Amino acid sequence: MPSLRRLDKVLLGAVLALLVLSVLLVWSATSHRADLTGGDDTAYLRKQLVNIVIGGVLLLGVVALDHRWVRIAAPLVYLLSLVGLVLVLFVGSTINGSRSWLHLGGMSIQPSEFAKLAVVIGMALVLAERTSAARWRARVGSVDVLLMLVIAGLPAALILLQPDLGTMLVLAATVFGVLAVSGARRRWLVLVLGSAVSVAAVALSSGVLKAYQVDRFLAFVNPDLDPRGAGYNVEQSRIAIGNGGLLGQGLFHGSQTRSGFVPEQQTDFVFTVAGEELGLLGAGLLIALLGLVIWRALVIARRADDTFGRVAAAGIACWFGFQAFQNIGMCLGIMPVTGVPLPFVSYGGSSLFAGMLAVGLLQNIHARSQAPSYVAPLAERRVLVGR
C-alpha cells in the first residue's frame, strides 16, 4: 500500500468533508419523517454511517492494490457490471418507475451506478492496451474509438432498457469526455454528440421512456405546466432553497424540510436541505468541495505517467462533474428532473460505493505517478506527449 505522503491529501480532505455534510444533511432530511424511519429518528443516520464505512473499506482496498492488479481487475469489474445490468432486467425491483435495483438480502444494489466506473476503466484499458500494442503510433485511430464505443455501448443499451434516463445522461457525458481526453479526432466527437441527441429524440418519441419521464421534460420546458404533478418537485425545491437566504435557517430547522414538502429529499434532492438550512454560504461550500474533487481528478489525470491512468482519472472527473451539475441543476430548475444522486452527499449505498471506488482509483493513480521508480511504457509516453 502506498505511504500516506504519496496520497492526494487535498482530494481526501474534500471527500471527507462531503461525507460529513452528507451525514448531517441526510439526518436532517429524515429525522422528522416517521413514515420513513418508523419512529426512529436516527435510522437513516446509522444506515448512512454504515454506507460510509463500507465505502471507506472499498477505497482503501483499491488504494492498496498494485497498479498491475488494477489493470488486471478492470475487465472483471466491467463484466460484473454487465451481469448486474442483465440480472436487473429479469429479477430487479422497480422503484420510481425504473427497474434498476437488485435486492441482495437486506441490501439493495443499483448496478447502473457501478456501470459508470466500469465504462470509464473499460475505455481506459482498451486505449492503454491498443497504444502498448502499436508501439510507434502516437494518435488514437478510428478502430480505437470504435472499440471504446462498443465498451460503452453495451451497458448503455442495458441501462436504456430499464429505463434509467438520469444514468444514461451521465454516462453519455462521461463517454464524450473520455473520448475528448483520449485524443479522438473532432469528427468522432461531433458524431458521438449527434448520436446522443438522436437517441434522446427517438427515446422521447418512440415510447421507450415512461410517461412520467416525458412529463418531467415537459415540466422542465414549462414549469407552470403541471405545478402539482410533474413540476411539483422543482417547485418545492426552489421554495426550499429560496427560504435559505444567505446564512440559512439552521441545521434541522428548515421549514420546507421539516414539513416534508420536498420529495426524495434525502436522496436526489438532498441539495435543497443544504440550500434551506445552510443558506447560500453552506450550499456554496458544498459546491466548492465538489469542484475541489473534480479539480484534483483533473490534476491527477494531467500528471499521470501512463495512458490508463490519464484517461481513467479524466473520465472520473467528467463523471463527477456532470452528475453534480445534473443533480444541482434539477434542484434549481435549470436541468430536467432525472433522478441522479449528488456524489458523496445523497443517501444510498450504490452511488457512494461507486464514488469511493473511483476515489480509491484516483489515489492509486496519483501514488503511482509519484513513485520515482515507475516509468510509463514507451508507446504510452508517446501518446501522452506526441499529439
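Q: Which residue does S93 stand opposite in strand 2?
A: In this model, which is a predicted one, S93 stands opposite W101 of strand 2.

Q: How many bridges join strand 1 to strand 2, and do they run parallel or antiparallel?
A: Strand 1 and strand 2 run antiparallel, and 3 bridges join them. In general, the strands of a sheet pair through backbone hydrogen bonds, and the pairing may be either parallel or antiparallel.

Q: What about strand 2 and strand 3, how do they pair?
A: Strand 2, which covers residues 98-104, pairs with strand 3 in the antiparallel sense, again over 3 bridges.

Q: What sits in the turn between strand 2 and strand 3?
A: The two strands form a hairpin with 2 residues between them, and G105, which is in the turn, has a positive phi of about 65°.

Q: Where is V83, then, and which surface patch does V83 belong to?
A: V83 lies in helix 4, which spans residues 67-91, and V83 forms a nonpolar surface patch together with V86, L87, F90 and V91, the five having about 490 Å² of accessible area together.

Q: Why does V83 count as partly exposed?
A: V83 has a relative accessibility of 46%, and therefore counts as partly exposed, since that class takes in the values between the 20% limit for buried and the 50% limit for exposed.

Q: Changing topic: where is F114, and what does F114 contact outside its sequence neighbours?
A: F114 has its place in helix 5, which covers residues 111-133. Once the neighbours within four places in sequence are left aside, F114 is in contact with I109, S350, F353, A354 and L357. The C-alpha atoms of F114 and S351 are separated by 7.6 Å, although these two residues are 237 residues apart along the chain.

Q: And is F114 buried or partly exposed?
A: F114 is partly exposed, its relative accessible area being 22%.

Q: How many salt bridges does a search of the whole structure find?
A: The search finds 5 salt bridges.

Q: Which residue does R296 meet in a salt bridge, and which parts of the chain does the pair tie together?
A: The side chain of R296 meets that of D8, at 2.9 Å from N to O. Because R296 lies in helix 13 (residues 279-303) and D8 in the segment before helix 1 (9-30), the pair ties together parts that are 288 residues apart in sequence.

Q: Are R296 and D8 buried or exposed?
A: R296 is buried, with a relative accessible area of 9%, and D8 is buried as well, at 3%.

Q: What about R368, what does its side chain meet?
A: R368 and D306 meet in a salt bridge through their side chains, again at 2.9 Å from N to O. This pair links distant parts of the chain, with R368 in helix 15 (residues 349-370) and D306 in the loop between helix 13 and helix 14 (307-332), 62 residues apart. R368 counts as buried at 9% relative accessibility, and D306 is buried with a relative accessible area of 1%.

Q: And R46 with D40, are they buried or partly exposed?
A: Their side chains meet in a salt bridge at 2.8 Å, N to O, and here R46 is partly exposed, with a relative accessible area of 43%, while D40 counts as partly exposed at 28%.

Q: Stepping back, what does the secondary structure come to, and how much of the chain counts as buried?
A: The chain comes to 16 helices and 3 strands, and 52% of its 387 residues count as buried. Among the contacts with a separation of 6 or more, 74% are between residues 24 or more positions apart.

Methods
Residues numbered from 1 in each chain as written. Predicted model: local features only at pLDDT ≥ 70, side-chain atom pairs only at ≥ 80, totals over all residues. Heavy atoms only, no water. Patch = residues over 30% accessible without salt bridge, like charges linked within 9 Å, V, L, I, M, F, W, Y side chains within 5 Å. Areas by Shrake-Rupley, 256 points an atom, 1.4 Å probe, with all protein chains shown as cover. Salt bridge = Lys/Arg side-chain N within 4 Å of Asp/Glu carboxyl O. Helix = DSSP H or I, 4+ residues; strand = E, 2+ residues; numbered from the N terminus. Buried < 20%, exposed > 50% of the residue type's maximum accessible area, 1.4 Å probe, protein only. Contact = heavy atoms within 4.5 Å. Pairing = 2+ DSSP bridges.
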